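Open the model in your viewer and keep the selection panel at hand. The tour goes from one selection to the next and says what is there.

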Amino acid sequence: MENLKLYLGTYNVGTNNPDARLNTLLGLPDDPKNEKFQLPDLYILSFQEVKAQPQNMLLDALFDDPWTYAIKDLLERYNYVKIKSVRLQGLLLNIYCLRKHLLNIREIESEYTRTGLSGMWGNKGAVSIRLSIYGCSLCFVNSHLSAHDNQLKDRVEDYNSIIKDQEFHVAETTEIFFHDYVFWMGDLNFRLHEDYDATPEEIERLVYKKECPKLFLFDQLRYVMNRGEAFSELVEADPEFPPTFKFEVGTDRYDHKRRPAWCDRILYRVNPHNYENVTLKVDQLSYKHHPCYQLSDHKPVTAEFNIKIPAKHLRLSTGMSVDQVDQVFSDYSERIVEFDKIVSWSQDEENTAKYRITQGIPATKDDWIGLFKENFSSLDDYITYEYVSKCSTPTPEGKSPMKGASSKNEQKYEITFSELPNRCKGNYCLVYFSQSEDKVISVLGISNAFPVIKEDSD
């Protein structure tokens, strides 16, 4: 078994943009070259109440929203790539992975569910992203449920609507809880029981006296989990931090307009016996709040996990022994599509690239190859692209087995880019995307880096 380290965060930002350094929120050292620090393999970051006015939504459809931009700008210094982002009005969920894992992540898909105004409005609801990494399936959910102490029944209904509504298009993982690992986070809005007769001031005094465990006995989320009404499929570590809501903006003082409560939560589930002779496992490394962030009436919450990935998945695809897998896990990349070396492309001419498919994969009309900057920081940052079905043709050399290839015939193809955008400068690479009709995405191959050259005119 191998470990993958996940870093999850949830933050209700109250329509505000980032106003402070995010290293602390992401648990990052100031120096990206600090080799003693073990970077997470994946960051999964969820936000609620991201500014969602019409003009903001229009801009965010064309460009990254301020939170995505700020985090992407920080994480690219540590060699992360944003692999997926999904948004529903103020709800936002982003996933970033270390570049070395990019070719081992498959079947990326997102979903969303509206629960506001009985499902007619997206101010409340959930967004989710599912993916497979080294053969294991993971699903991440970010939800913002109904507010206020007396809306417990509505929160329970929101949860059950979400798990019934969300449907994915990857075989055997069509529902949230069919995945090997599930992580659910967000502003779940569960408060202290209504029948717990304490004022905001009295609750605050208990917090300052460090008697939070007494308060937590009245937590609504644990109540409905224990009764099997909602979230009972998941597990949560006991929060050892004080209530994360409601604060006076810009301070660490509770706002007595609401009773303090643990609104912001991170839960998980593992299906340990999905594979023969293998037991999947989650080890939680941390669960904490970050009181230094004061731009909204919530405090952000983060959690770190190690998840077990069966080494047998690597052995099946590589023929390696367990010892070999242990040695190469962090550097192993499974290239289903292999590009021939590209020396350079011309800015002003038609350009081509050759590639071969090393494993049998179902062809789809929506597969495409994108041109990216060499050290791209997001799978959305392509410069231009071409569909394989329209611009790729088999090559004559692909009709016979290649030197060093398996006995199975491996077809070789050539794709043509008829033109490039103006002013392409620096080094670029090609990325092959498999895309189903249901928009399930996999990265199957990445070329070497090559320069785009502008020919001198006579």
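Select F216 and W262: both are buried in this predicted model. Their rings form an edge-to-face aromatic pair, with 5.3 Å between centres and 85 degrees between planes. F216 belongs to helix α6 (residues 212-216), while W262 is in the loop between α7 (220-227) and β9, so the pair ties together parts 46 residues apart in sequence. A search of the whole structure gives 30 aromatic pairs.

Next, select helix α7, residues 220-227. Start at its N-terminal end, which is capped by D219: a side-chain oxygen of D219 lies 3.3 Å from the backbone nitrogen of L221. Which residues of α7 are buried? They are Q220, L221, R222, V224 and M225. Just after α7, G228 has a positive phi of about 75 degrees.

Is N271 buried or exposed? With a relative accessible area of 12%, N271 is buried, because the cut-off for buried is under 20%. Residues up to four places away in sequence aside, N271 touches F177, F178, H179, D180 and L280.

Now select L138 and F140. In the largest nonpolar core, which has 63 residues, these two touch the most other members. Strand β11 (residues 301-309) gives the most to this core, 5 residues. Centre the view on F140 and display its contacts: beyond neighbours within four places in sequence, they are L6, I44, L93, I95, V127, S128, I129, L131, F183 and M185. Another core, of 23 residues, lies apart from the largest one; L145, Y159, V182 and A230 are among its members. In soluble globular proteins, nonpolar side chains tend to be buried together.

Two selections show a charge over a ring. For the first, take K5 and F37: K5 lies over the face of F37, 5.8 Å from the ring centre. For the second, take R155 and F190: the charged end of R155 sits over the ring of F190, at 5.5 Å from its centre.

Finish with an aromatic cluster. Select W368, F372, F376, Y382, Y385, Y387 and F433, which form one cluster together.

How values were computed
Residues are numbered from 1 along each chain as its sequence is written. This is a predicted model: local features need pLDDT of at least 70, side-chain atom pairs count only at pLDDT 80 or more; totals for chains, interfaces and linings use all residues. Side-chain values use heavy atoms; hydrogens and water are left out. Buried means under 20% relative accessible area, exposed over 50%, partly exposed in between (1.4 Å probe, protein chains only). Contact means heavy atoms within 4.5 Å. A nonpolar core is a set of buried Ala, Val, Leu, Ile, Met, Phe, Trp, Tyr and Cys residues joined through side-chain atoms within 4.5 Å. Helices (H or I, at least four residues) and strands (E, at least two) are DSSP runs, numbered from the N terminus. Rings of Phe, Tyr and Trp (its six-membered ring) pair if their centres lie within 6.5 Å; planes under 30 degrees apart count as stacked, over 60 as edge-to-face and the rest as tilted. A charge sits over a ring if NZ of Lys or CZ of Arg is within 6 Å of the ring centre and within 35 degrees of the ring normal. A polar contact is a pair of N or O atoms within 3.5 Å; within protein, one must be able to donate a hydrogen and the other to accept it, and residues adjacent in sequence count only if both atoms are side-chain atoms.
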